[in-house]
Amino acid sequence: MSPHSSNRQLTEAQKQDDIEMRFKKIRWTPTRLTDTATDLTVAVTHVAMLSLVASPPRELQPLNMDTDNKKRAGNLKLRLQCRSSQAATTEGICYEEISQWSHSLEGLLSSKYGMKIFQAFLKSEFSDENIDFWLVCEDYKKIKSSFRMSSRAKKIFKRYIQAEAPREINIDHKTREMIRRNMKTPTAVCFDDARRIVYGLMERDSYPRFLRSDIYQALLDSTSESIKM
């Protein structure tokens, strides 16, 4: 074997070691619920970034996930479930609060940690555009400057509302056209109709799936066991 060949193999081995070390740096034993929610979100983002190396941007891919994407989503859900279960016995997690998330979507979103975990769950299913839009609108309504409001409204429209937008939400044509007309003079309530539609979609679809998910059940079971102990 030539020296050049040996050096090339060593370089590839070093690259592999570097990738493995990056994965090991993700810590899955947080001591507070804030760490748990943050780690879940970081894990989703980390996997998504790795997937971009081998595939085009998400908005350029077909609507139907291929086999590799489905496997990746399944593996990610399993990781989230395992890490949630491990973290559930740590200090700072309240079983009462977690159980109350099942009472209503409003209650879940009003919880700082519940909202973060719900976001992480939706990211694992590649269906987080609705919650992102809802949160963006929450911030948008707080803007006082008319100039900033106009600028932000146009960005929101291009990213979430217009046809074939990068993060297009599922709203009817009438609502979309009404918002488009409102872009001439944006107001604090110009996205309210779309926001109500998106909230309804999450309440009827995403929220029930979250409550049935292994991630949420793992959190409930683990915190319930810690109370019994």
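Contact here means heavy atoms within 4.5 Å. This is a predicted model, where local features need pLDDT of at least 70 and side-chain atom pairs count only at pLDDT 80 or more, while totals for chains, interfaces and linings use all residues. Residues are numbered from 1 along each chain as its sequence is written, and side-chain values use heavy atoms, with hydrogens and water left out.

**Confidence**
- Residues 22–38 also stay under 50 in pLDDT, and the model has 27 contacts beyond four places in sequence for them.
- Across the chain, the average pLDDT is 73, and 57% of the residues score at least 70.

**The whole chain**
- You'll find 11 helices and 0 strands here; helices (H or I, at least four residues) and strands (E, at least two) are DSSP runs, numbered from the N terminus.
- Of the 229 residues, 37% count as buried, meaning under 20% relative accessible area, with exposed being over 50% and partly exposed in between (1.4 Å probe, protein chains only).
- The accessible surface comes to about 14,200 Å², and 52% of that belongs to carbon and sulfur atoms; the areas come from the Shrake-Rupley method with a 1.4 Å probe, and for residues only the protein chains shown count as cover.
- Take the contacts with a separation of 6 or more: 68% of them are between residues 24 or more positions apart.

**Two helices side by side**
- Helix α7 (residues 129–140) packs with helix α8 (residues 146–161) at an angle of about 170°, their axes 11 Å apart. Axes are lines fitted to C-alpha atoms, for helices over the stretch in contact, and angles run from 0 to 180 degrees between N-to-C directions.
- That makes α7 and α8 roughly antiparallel (angles over 145 degrees; under 35 is roughly parallel, 65 to 115 roughly perpendicular and the rest oblique).
- On the α7 side, E129, D132, F133, V136 and Y140 meet M149, R152, A153, I156, Y160 and I161 of α8.

- Most residues other than glycine have a negative phi.
- F126 isn't a glycine, yet has a positive phi of about 55°. F126 sits in the loop between α6 (112–124) and α7, and counts as partly exposed because its relative accessibility is 32%.
- E164, also not a glycine, has a positive phi of about 60°. You'll find E164 in the loop between α8 and α9 (173–182), where its 75% relative accessibility makes E164 exposed.

Notes: pLDDT is the predictor's confidence in each residue, from 0 to 100.
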